[in-house]
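Me: Hi! I'm new to this one, could you walk me through a few parts of it?

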Amino acid sequence: QDLNPEASVEKHHYQSDIARLRKIVINSLYSHRDVFLRELISNANDALEKLRLTSLTNKDVWDGTPLNITIRTVNGEDGTSGRLVITDNGIGMTPEEMARNLGTLAKSGTAEFLAQAEGSPESTTNGHLIGAFGLGFYSSFLVADQVYVASVPAKTLENPNPQQYTFSSSSDDNDFATYPDPRGKTLERGTEITLVLKPDALEYLEHHTVIELINKHSVFSSSFPIYLFQQREEEVSEESVTDIPVDNERVTENAEDEAVIEEVEESQTKETKKKTILVDDWAHLNAQPPLWTRDSKNITSIEYQLFYQATFRDFKAQSLAWNHFSGDLGSGVSFRALLYIPGKLPDDFWHGSQTTSTTGIRLMVKRTFITSDLGEDYLPKWASWVKAIIDADDLPLNVSRETLQNASFLRQIKQAILKRIIQTFTKIAEDEPDKFAEVQKVYGTVFKLGAVEDAKNSDKLVPLIRYATNQRNSTSLDEYVENKKAGQKQIFYVSDAGKSVSSLAKSVFVEKLHARGYEVLLLTDPLDEVLLHHLRKWKGIPFQDAAKVGLLFGDEEIDLEEERIRQAENKEKFGPLLNWLKKQAEGIVRDVIISDRLVTSPCAVVADAGGYTANVQRIMSATNKGQQTNNAMFEFARRQKVLELNPRSPLIEGLLRRVEQLPGEDEEVDLEAEDELKEVASILIDGALVRSGFEVPDSDEFLVRVDRVLRRSLGVSETAPTDTTVKPAPPVDPVILDESEYEPKLDPVVDGSLEQADDKPSVILPDALKDKIQIDIEELADDFPIHDEL
Ligand SMILES: Nc1ncnc2c1ncn2[C@@H]1O[C@H](COP(=O)(O)OP(=O)(O)OP(=O)(O)O)[C@@H](O)[C@H]1O
């Protein structure tokens, strides 16, 4: 029957974004056009779900008759055209809703999507963008020249007898129309989408193509039955023909549910006349029970992945892992659940707001969807990305969101989900180390976040964290503790957010620990230091920042007496240097001491237990920028550091000798020599700061001093000034020149520029040289030996 309007047509213009989107769909997504069926079925499923949910609070909209999606193919009489009709008996739309929902785009991210798709058609066509955005209804135009949407909204008290309207749009128009359906009211309620297929899209009239597509994309995307209208031939005896309800459509539960035809004896056939008739049949395409209700032993990985994609509409990356389990909510209410770890975190995971709304959990009761809206902060941020289906045997269905949030079963479900996420990761860590390395790339920092914010699960999340150390690429804290040396009473670490692991491994603070064979965690993530401060200990062993005072190797007790004697000797020997340097380093460090932590480096600056390491100081300076608050405290903490000297370094020995040679109080002072020595000390202190990751107090001063020391070592006069005269710029000239005059003029001879004239290369010569030299250009054979001179 004709769907075209007879009267009272309302014409509308598409919103400009829709026009752009339709253009992208029509022009660049040809190779992905199969997606149209998935999109339309998913819309039909949403409409059915909406009807059921609305009926919880408004009984008028639905009388409980079965909800389903049907697909019909209609072949054109000439064999070169056809229609595909997808119908649902869901919530339906009024003509105004059709114009609004199908004529405007209200999706977040539309502008970015359109800009990206227009800028790089490949990224759209490789499928990622379609998945990320979801083209929805507009994907119809991939296969159809003309689309009709007929719809009857659900009955309400205000609108007890809703009429059927049609929305019509062709692929090359920038407007669409809505009008009363010329066929009258053919639908009881819901929406029927008729696609007038393009001549090159007639394959979608083939039932096997439709069935394949549903199996591939949509078998899991609808929790409502999807039926395909089929007609099949049946042979019946002529007498019984009248009994077969030809037009009366029958719904069977399975496509394979063939009618049972009993074998008829040869002798009988001769007597009874046979006739072939067409029987209408609705084949149930998604007859399998929902995946989560099935036995996990009979589900393949591919099925799990397809279900994930269809249910959570994530076509960007495969799910990394899943956990299919059942549980008990107490008082006899059991549930089945299927939880997925996505292959990627949501794009805004680290940038989004502090509060996290969990939208990836589909709460169901007896296979029926209830809600995905579990409110803000239902799960801690670290777990908010999880995708899960929770299907309970029994729960109060007509609960409002507020009562939902207070329900104890939600808290129980939450605990079960968190437990299962951790269990899933732990299992990968134990059984599949290579895969766990991949997991780390996506979730490594998430584990740290969880260990900080989720006190209840912190102990289970910490073992999932991996650190690089000076000895291996990756270790857990448990493995570190197993590997510790006899007597070791601290877990050593150095931390510098933003630095590479390899440069941290070369840190002055790691050198002795490394040389002695101790393992040091190399922390490069800003969350690392936060977490260690938060934990303070692991398995009872405290963390020790190797850049801070308080480092103990753990074997100090051995040879204690010898060590004491050595320390006393050093203190006495280096006493003069320590006292003198302390004066030089005033305001920068609190003390100067002989160090036990250095091997090759002459000195280092170490933070006190309560002071700032270079890493923390940088973070504090960045946060304190422009703020005067707490400045005094910041300054105090900043100065809580110690300059440590390596007594075995020749440089320190040399400095000691020079300090010892300085004249005593009653001797004549050589001011110049003393200044020189102070300058060396100052460079040494600044060098120690830089080596230890701190900034020098005044980098200009530092470089001037380095300059002076260089001059001295080269025997150049320290005071001889550098000739600083330069050619001044011409006077002010406000005249704007012609654009071409701003182009630099090249000298063709000097620049050797060649110009093609008459296809032959030539050199342009200045007029003055034209009659003085002659240049012949000869093309060289490919194998001509090339010399530098040439
Ligand atoms: N079969 C239908 N029944 C009722 N309303 C529908 C139907 N199909 C589409 N709509 C309405 O039209 C709107 C736009 O549909 P469209 O497919 O373009 O986007 P969407 O479904 O909102 O998003 P997406 O497809 O990305 O999930 C839907 O939100 C819905 O309100």
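Me: Which strands does helix α22 lie across?
Reply: Helix α22, residues 671–691, lies across β22 and β23. Its direction is at about 60° to β22. Keep in mind that this is a predicted model.

Me: How do β22 and β23 pair?
Reply: They pair in the antiparallel sense, over five bridges, with β23 spanning residues 641–645. One place to look is V606, which stands opposite V642 in β23.

Me: What sheet do they belong to, and in what order do the strands come?
Reply: It is an open sheet of three strands in the order β21-β23-β22, with mixed pairing. The edge strands, each pairing on one side only, are β21 (591–594) and β22 (603–607). On average, neighbouring strands here are turned by 30° against each other, ignoring direction.

Me: Which strands of the sheet does α18 touch?
Reply: Helix α18, residues 560–584, packs on the sheet and touches β21 and β23. The direction of α18 makes about 155° with that of β21.

Me: And how does α18 pack with α21?
Reply: The angle between α18 and α21 (residues 650–661) is about 80°, and their axes are 9 Å apart. That angle makes the two helices roughly perpendicular.

Me: Which residues make that contact?
Reply: From α18 they are F574, P576, L577 and W580, and from α21 they are L655, L656, V659 and E660. Sorted by class, that contact has seven nonpolar residues, no polar ones and one charged.

Me: Switching topic: which residues of helix α7 are buried?
Reply: In α7, which covers residues 207–218, the buried ones are V210, L213, I214, H217 and S218. These residues are on the same side of α7 because they cover an arc of only 100° around the axis.

Me: Why would residues spaced like that point the same way?
Reply: An α-helix has 3.6 residues a turn, so residues three or four places apart point the same way.

Me: Where does S221 sit?
Reply: You'll find S221 in the loop between α7 and β8.

Me: Why does S221 count as buried?
Reply: S221 counts as buried because it has 22 C-beta neighbours inside 10 Å, and the cut-off for buried is 20 or more.

Me: What does S221 touch?
Reply: Leaving aside residues up to four places away in sequence, S221 touches R38, I41, S42, N45, A310 and T311. Take A310: it is 89 residues from S221 along the chain, yet their C-alpha atoms are separated by 4.9 Å.

Me: One more: how many residues of β7 are buried?
Reply: Strand β7, residues 190–197, has eight of its eight residues buried. Both faces are covered, with G190, E192, T194 and V196 on one side and T191, I193, L195 and L197 on the other.

Me: Which strands are joined to β7?
Reply: Strand β3 (residues 82–88) runs antiparallel to β7 and is joined to it by six bridges, and there T194 is the bridge partner of V85. Strand β4 (residues 144–152) is also antiparallel to β7, with eight bridges. Within that pairing, Q146 stands opposite V196.

Key: Residues are numbered from 1 along each chain as its sequence is written. This is a predicted model: local features need pLDDT of at least 70, side-chain atom pairs count only at pLDDT 80 or more; totals for chains, interfaces and linings use all residues. A residue is buried if 20 or more other C-beta atoms lie within 10 Å of its own, exposed if 12 or fewer, and partly exposed in between; C-beta atoms are placed from the backbone. Helices (H or I, at least four residues) and strands (E, at least two) are DSSP runs, numbered from the N terminus. The arc is that of the directions from the helix axis to the C-beta atoms. Two residues are in contact if their C-beta atoms, placed from the backbone, lie within 7 Å. Two strands pair if DSSP finds at least two bridges between them. Axes are lines fitted to C-alpha atoms, for helices over the stretch in contact, and angles run from 0 to 180 degrees between N-to-C directions. Angles under 35 degrees count as roughly parallel, over 145 as roughly antiparallel, 65 to 115 as roughly perpendicular and the rest as oblique. Ala, Val, Leu, Ile, Met, Phe, Trp, Tyr, Cys and Pro count as nonpolar, Asp, Glu, Lys and Arg as charged, and the others, Gly among them, as polar.
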